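Morning, everyone. Please have the sequence and the structure open while I talk.

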Amino acid sequence: MNPFVIQVARRVGAVLPARADLAVMGRDPRRNLLAGLTVAIVALPLALGFGVSSGLGAQAGLATAVVAGALAALFGGSNLQVSGPTGAMTVVLVPIVAQYGPGGVLTVGLMAGVLLVGLALLRAGRYMRYVPAPVVEGFTLGIACVIGLQQIPNALGVDKPEGEKVLLVAWRALVEFAASPNWTSIGLSAGVAAVMLLGARWRPTVPFSIVAVIAATVLVQVFDLDGAAPIGDLPSGLPAPSLSFLDVSAAGSLLAPAVAVAALAALESLLSATVADGMTVGQKHDPDKELFGQGIANLAAPLFGGVPATAAIARTAVNVRTGASSRLAALTHAAVLAVIVFAAAPLVARIPLAALAGVLLATAVRMVEVGSLRAMARATRSDAAVLVLTAVATLALDLVYAVIIGLAVAGALALRAVAAQARMDQVDFRPDLPGEHSDEEHALLAEHIVAYRIDGPLFFAGAHRFLLELSEVADVRVVILRMSRITTIDATGALVLKDAVEKLNRRGIAVMTSGIRPEQRQVLESVGALDLLRSGGREYATTPEAIAGAREHLEQAGLLPHPHHPHRIRKAPR
């Protein structure tokens, strides 16, 4: 069989659910069923709210929670993960809906699913751990602000104004509210948010979101309050799977949004799985399987009218806190929501939009971890700058650009910090002198030889500073470079070293090196630096050997007494 086919088959087999993954579901089923029921109660208003916020309607949010929630639980890499529509994904979807319409969002979800499956097969899951914490905290803060601003039209009871920029839309909604205030909607949304936030402090295990939404719905129905627009008609059940939304001609223009959606789904899902692992003992997710599960979920959800999905940190945390230990809890959550879709659609349709806005406003507030933000801001100026920049970019631009900007700035600051660790210190070479030497000879050697030890990385970020320091060496005849403590060297560092040696040689200064490590030789050889040192026989294994070579060089130049001609010494030209 073709080796490539065998390799692909092994990769696919590695990300498919193993028998051990499914066997765990038979342990303690009662506790996991109860955990799944609790998560479903928490997830219902969030699924409805995020569906409405995305622009595809409440039914899209429910379809996503059912289909993506079940498939991600079955094929994912975590026993505790709960998936569905999320606020972070909604932030990305709103401009796609505005530009391409609902069909564009469904197409993007399908394409993102393909990309996620590809990332899983390429074993890309392990690389997501390198996203810096300030970037994660920054875009979480930015997402919370965007989610809150997105709820202003429904919270104020006004029609959503035209526009893609959330700040502009929120401002227009405020202007419209000021012209014709709707106190019913603002009262409902504020009341629901207050019940959720205060209730969470009083009884964290009670799902106050569903309590508040039911109370608001009953209040509107009993007192027939004006100005509280309901969700509207919901279909009883999921639609038949269909690809009618797919527009192949628009696939090229939708590729960039699909990449953004896939990147966000991967990042948020793996972050959520990491959080879940940290909340338990003995649980550890498989990042590549998790990407595969999210890919399958996003391939299927659009077929039923669902929006792109990802793992939900808040729902996953509820799942863990209520005692979940296997995938059965997440599957139960999806099954309960499916029952609600089929059996209670008319009741769900009566929920006021203002109540869902209150749920999401409270969710946005709870997303902001003040303690984490304060700790990050106090850590270093660089961390604080990355956090603030990422959050502002999320508000002003969009989430994907914000993450790219945050990663770029964090990378640049990290490189600067690493480059600053590289040092070139002058050292006393006399303890390494071989043999016995008189005080006069020690003085002569010290007059003509200078030794430097290079510590840390020698790479593009700090190599030119090294060249400047080395080029300013005083007027001596030999420079010894001790290179055993160089941690890494790249092509730029090797070229800078070569340039410095050539400049010193033109000034009549010989350069000896010692301790070049085997892993550094290939880079030095590729740019010709190693040949330059070898041509004069000036590359040595140890510092004493380099000093002996330097002494021999000075003897040949007549600057030190030769063993056979002890009185033949001439002064070095100045």
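**Rings, charges and confidence**

Let's start with Trp-183: at 60% relative accessibility, Trp-183 counts as exposed. The cut-offs use a 1.4 Å probe and protein chains only: buried is under 20% relative accessible area, exposed is over 50%, and partly exposed is in between.

A word on the model. It is predicted, so to speak of local features we need pLDDT of at least 70, and side-chain atom pairs count only at pLDDT 80 or more, while totals for chains, interfaces and linings use all residues. Residues are numbered from 1 along each chain as its sequence is written, and side-chain values use heavy atoms, leaving out hydrogens and water.

How confident is the predictor? pLDDT is its confidence in each residue, from 0 to 100. The mean for the protein chain is 85. Of its residues, 93% reach 70 or more. Among the elements, strand β1 (residues 83-84) has the highest mean, 96. Helix α20 (residues 439-448) has the lowest, 69. Helices (H or I, at least four residues) and strands (E, at least two) are DSSP runs, numbered from the N terminus.

Now the rings. How many aromatic pairs does a search of the whole structure find? Three. Rings of Phe, Tyr and Trp (its six-membered ring) pair if their centres lie within 6.5 Å; planes under 30 degrees apart are stacked, over 60 edge-to-face, and the rest tilted.

One of the pairs is Phe-75 with Phe-292. Their centres are 6.3 Å apart and their planes sit at 70 degrees, so this pair is edge-to-face. Phe-75 lies in helix α4 (residues 58-75) and Phe-292 in helix α12 (residues 287-300), so the pair ties together parts 217 residues apart in sequence. Phe-75 is partly exposed, at 22%. Phe-292 is buried, at 8%.

Trp-183 comes back here. Its ring pairs edge-to-face with Phe-177, 5.4 Å centre to centre, with 80 degrees between the planes. Phe-177 is buried, at 11% relative accessible area.

Next, charges. The structure holds six salt bridges. A salt bridge puts a side-chain nitrogen of Lys or Arg within 4 Å of a carboxyl oxygen of Asp or Glu.

Arg-521 and Glu-539 form one, at 2.9 Å, N to O. Arg-521 lies in helix α23 (residues 518-526) and Glu-539 in strand β8 (residues 539-540), so the pair ties together parts 18 residues apart in sequence.

Arg-453 meets Asp-455 at 3.1 Å. Asp-455 is buried, at 9% relative accessibility. Which residues are linked in a network of salt bridges? Arg-453, Asp-455 and Arg-485.
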